[in-house]
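Please look over the two chains shown below before reading on.

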Amino acid sequence: MSTHNEHNENEDKIILGDQEILKSDLLTLNMGPQHPATHGVLRVEIKTDSEIVVEAIPHLGYLHRCFEKHAENLDYRGVIPFVDRMDYLAAMSMEWGYALAVEKMLGTEVPKRAEYIRVIVAELQRIASHIVFFGTYAIDLGAFTPFLYVFQDREEILRLFEELSGARMLYNYIWIGGVWNDITDDQLKRIKSFIDRYEEDLKKYHSLVGENRIFSDRTANVGILSQEQAFDYGATGPVLRGSGVKWDLRKNRSYGLYDKLDFDVPVGEGLKGTVGDCWDRYHVRVREMFESIKIIRQCLDGIEEGPFIGKVPKIIKVPAGEIYLRTECPRGELGYHLISDGGKTPYRLKVKSSCFTHVSLLPILAPGQMVADLVATIGSIDIVLGEVDR
Amino acid sequence: MHNQIAEFINKNVNGANAIINELVAGVGDKSITVESSKILETCSALKSSQEFDFNVLQVVSGTDYADRIEVSYIMASFSKNLELILKVKLPRGDKHNLPKLNSVVSVWNAANFLERETYDMIGVEFVGHPDFRRILCPYDWEGHPLRKDYVVQEKYLDMVVNPPEKNNTYDQMFGRNLKLEIGDPKKVSASWKEDVEETADEAKDGE
């Protein structure tokens, strides 16, 4: 963290303990772009009055690759590996949204088995992604051990994905019309034994971290986001649900097989503090993992034999028109606005990234907090800079 | 649904002139086009309407066509479970005279970052935006990358943007092939340079 002092000659006159008198000259701090608590290359310029944040200005673009421009030069299949690189912690979910948008334009039937595989991998991906949140959020708040525990479980999921697709993080597995390769019975059995074990372990982890007095003191009543603000700033996903809004695209605008599956939508209840604080957002994510386990279990019971990829023409030409399709990803809603002129490449592919909108929450959440609480707030909105900058 | 919304806009906003864009090939989503000067009034009417209640702005994005720029506002209602693509058409303008639109930050604060991104990528100026600057590219970058005729600048702060020793021969071949296939530079969006020395490439390929 590099500091740069403006005027600080009155430093000895600060009286701590009473915020009314606590008025000194502002100090500008640069948090990032290489700060471990920003989870990537985010730079937040903060102005502090002693230890209280007065203003926070996010500066983005350190990871900007202009994916949307690349997509205009690639055929429809070739876009998928690029889509992976947006939210690299939830690549399966990114692929699924894109594949759905193109399939809807083409009118492709996706075979039943492929639908089941998609739900299974997407929900496993949700667990893997929330595990990264769980581990790194605990590190942000000073607890190192939970990270080591949960990453063992993530490793198991990644190893499975590696067997399925050949890659650990950037899969290119969900293709237009289905999936790249079939899943074997052995792998399904391993998923079953994994979720059985993980469900028990997660309860333990949550009682160790979430119910911990230090953790809940650090996160409860910190970074409170009200419902009105959440709608106004376009928050989605766990951040919106943390503020007490029962909204999940898997339920409300169902896609894939979700309308046939039974699961709940957890929302923030303010158990430790106020509705919409950091602890609520943490708790929503933990409960979502249990719901994902529930969904996977139903899919493992219901999966059918059959083909895993539908009939798609060799050269994909999407009919002229446009579509806006959004799906529920681990970090929020992901929308693809695809405009086609009837050619072999997209005319324009705009991505609505939830992380990008969530970064715009920082200027309203940060003022009035301690610097250390800002770290807790940034961690709780769980951004991935690959998706922010695209 | 689109008929009702278009009717609502025409009734409540004077001169908005809402037209439904029907599907071209029978697939995808319909959209509604309104007059660009009435965008702020239209958005605030749609947000405050009891009937539709578009409480969330999801996307502001621009698309560059040969004769115009279309800015799409995609909004959603979480209470009524609706989705709408609202469009305005603007002239393309040029470097010193970018097309202008009224900012909708006063309606949804989400528009703050989204409009900044649209300005950065497509080059549309938003009048009345509280914090108007680029967001993804550096603040002193030139040009707007998602325009179809964009060519990347040669130098940025004395740094050469694409130094020849770092050029990938295959990227250049890709750009050249695109140009051969499509011909018209406006239709190709690759940021290629005019004929990079062919001989040098061939020598490299031969190695």
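Two residues are said to be in contact if their C-beta atoms, placed from the backbone, lie within 7 Å. By that criterion, among contacts in chain B between residues at least 6 apart in sequence, 48% join residues at least 24 apart, while for chain A the share computed for contacts with those separations is 69%.

Some conventions come next. Residues are numbered from 1 along each chain as its sequence is written, and chains are lettered from A and ligands numbered from 1 in the order in which they are written. The model is predicted, so that local features need a pLDDT of at least 70 and side-chain atom pairs count only at pLDDT 80 or more, whereas totals for chains, interfaces and linings use all residues. Here pLDDT is the predictor's confidence in each residue, on a scale from 0 to 100. For chain A the mean pLDDT is 86, with 94% of its residues reaching 70 or more. Over residues 1-18 of chain A, however, the pLDDT is below 50, and this stretch has 23 contacts in the model beyond near neighbours in sequence.

Helices (H or I, at least four residues) and strands (E, at least two) are taken as DSSP runs and numbered from the N terminus. Chain A has 15 helices and nine strands. Along its principal axes the C-alpha trace of chain A spans about 75 × 50 × 35 Å. A residue is called buried if 20 or more other C-beta atoms lie within 10 Å of its own, exposed if 12 or fewer do, and partly exposed in between, with C-beta atoms placed from the backbone. Buried residues make up 49% of the 390 residues in chain A, and 33% of the 207 residues in chain B. Chain B has five helices and nine strands, and its elements run α-β-β-α-β-β-β-β-α-β-β-β-α-α from the N terminus on.

Where the chains meet, 33 residues of chain A are in contact with 33 residues of chain B. On the chain A side, the elements that give two or more residues are α1 (67-71), α8 (227-232), β7 (321-329), β8 (332-340), β9 (348-352) and α12 (354-359), and β7(A) gives the most, with four residues. By class, this side has 12 nonpolar residues (Ala, Val, Leu, Ile, Met, Phe, Trp, Tyr, Cys and Pro), 10 charged ones (Asp, Glu, Lys and Arg) and 11 polar ones (the others, Gly among them).

Within chain A, helix α3 (residues 91-106) packs against helix α4 (residues 112-140) at an angle of about 140 degrees, with their axes 8 Å apart. Axes are lines fitted to C-alpha atoms, for helices over the stretch in contact, and angles run from 0 to 180 degrees between N-to-C directions. That angle makes α3(A) oblique to α4(A), since angles under 35 degrees count as roughly parallel, over 145 as roughly antiparallel, 65 to 115 as roughly perpendicular and the rest as oblique. The contact is made by A:M92, A:S93 and A:W96 of α3(A) together with A:R118, A:V121, A:A122 and A:Q125 of α4(A).

Helix α4 of chain A also holds A:V119, which is buried, with 24 other C-beta atoms within 10 Å. Leaving aside its neighbours within four places in sequence, A:V119 is in contact with A:G256, A:L257, A:I295 and A:C299.

Nine of the 11 residues of helix α14 (residues 371-381) of chain A are buried, so this helix is largely enclosed by the rest of the structure. After α14(A) comes A:D382, whose phi is positive, near 50 degrees.

Most residues other than glycine have a negative phi. A:R390, although not a glycine, has a positive phi of about 50 degrees; A:R390 lies in the segment after α15 (385-389) of chain A and is buried, with 25 other C-beta atoms within 10 Å. B:D158 likewise has a positive phi, near 70 degrees, but B:D158 is exposed, with 5 other C-beta atoms within 10 Å, and lies in the loop between β8 (155-156) and β9 (159-160) of chain B.
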